[in-house]
Amino acid sequence: MSRVFAPGPLLPAWREPPGWVDGHLRVELPGRAFALSRDQNMEALWEEIGEDAFGDDERMPYWAEIWPASLLLAGWLLRHREAVTGRRCLELGCGMGLSAMAGAAAGARVVAVDYEERAVAIAAANAAANGVPVSLAVMDWRRPCLAEGRFELLWGSDILYETRFYAPLVRLFRHLLAPGGRIWLSEPMRQVSRPVWGRLVADGFRVRQLHEEVVPFATYHTTVALYEITL
């Protein structure tokens, strides 16, 4: 894996890191601010989870939070407008829609998908409230419902937190990426993800680390790296 780091930070030097206040969150990014809303917090959603959620898919409500990797990816998309403007782009695991909105605000033609219907509904409401055009769909990575080779750019944030996601994601990359296309993944520096990049290289992909930055959110901060993957 090679490393070609972008100069300078992608995110502004916030006086106070962004954080939720009564179900609302405002994120100031370079050249654009986004307002997000959610109807319940993570704690309430965890309390709602029944035993059926702990099956093979473990449908945990991770989508109901804004993670530092999503903030960094959103900053990257706004910084690199020339790379996304007018291009057919797909976000994998849209959550509440922040990165999808940033891509659309940068001029991309964005389709965003998530496994959870509730996440897609909230992302759609957030996109509409911010006045950015994003097409959204519920989709299982294991059973893609989109045309082969359709997208010039795929991106996702914090989607490699379990090793079982690797195989379906690689199949999805090969199925959906257009010839000459690129994949951008924003991932926290987490032990479980470290072997992924070498494994991708062994499976025939080219991997470059493009950026690394400490990202603050609410009361904590996380080091996040951004990678580019090509075939």
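Two strands count as paired here if DSSP finds at least two bridges between them. Helices (H or I, at least four residues) and strands (E, at least two) are DSSP runs, numbered from the N terminus. The model is predicted, so to speak of local features takes a pLDDT of at least 70, side-chain atom pairs count only at pLDDT 80 or more, and totals for chains, interfaces and linings use all residues. Residues are numbered from 1 along each chain as its sequence is written, and side-chain values use heavy atoms, with hydrogens and water left out.

**View 1. Strand 4 sits in parallel with strand 5.** Here you'll see strand 4 (residues 88–92) joined to strand 5 by five bridges. Look for Leu-90, which stands opposite Val-111 in strand 5. To get from strand 4 to strand 5, the chain goes through helix 4 (residues 98–105), and this β-α-β crossover is right-handed. Right-handed means that, with the strands pointing away from the viewer, the path from the first strand over the helix to the second runs clockwise.

**View 2. Strand 5 also pairs with strand 6.** Strand 6 (residues 134–138) runs parallel to strand 5, again with five bridges. Val-111 turns up here too, standing opposite Ser-135 in strand 6. Strand 5, helix 5 (residues 117–130) and strand 6 together make a right-handed β-α-β unit. Five of the six residues of strand 5 (residues 109–114) are buried, so the strand is largely enclosed by the rest of the structure. Buried means under 20% relative accessible area (1.4 Å probe, protein chains only), with exposed over 50% and partly exposed in between.

**View 3. Asp-158 lies in a loop.** The loop in question runs between strand 7 (151–157) and helix 6 (166–176). Asp-158 counts as buried because its relative accessibility is 12%. Its side chain makes a polar contact of 2.9 Å with that of Arg-190; such a contact is a pair of N or O atoms within 3.5 Å, where, within protein, one must be able to donate a hydrogen and the other to accept it, and residues adjacent in sequence count only if both atoms are side-chain atoms. Leaving out residues up to four places away in sequence, Asp-158 also touches several others, including Trp-67, Ala-69 and Pro-188, with contact meaning heavy atoms within 4.5 Å.
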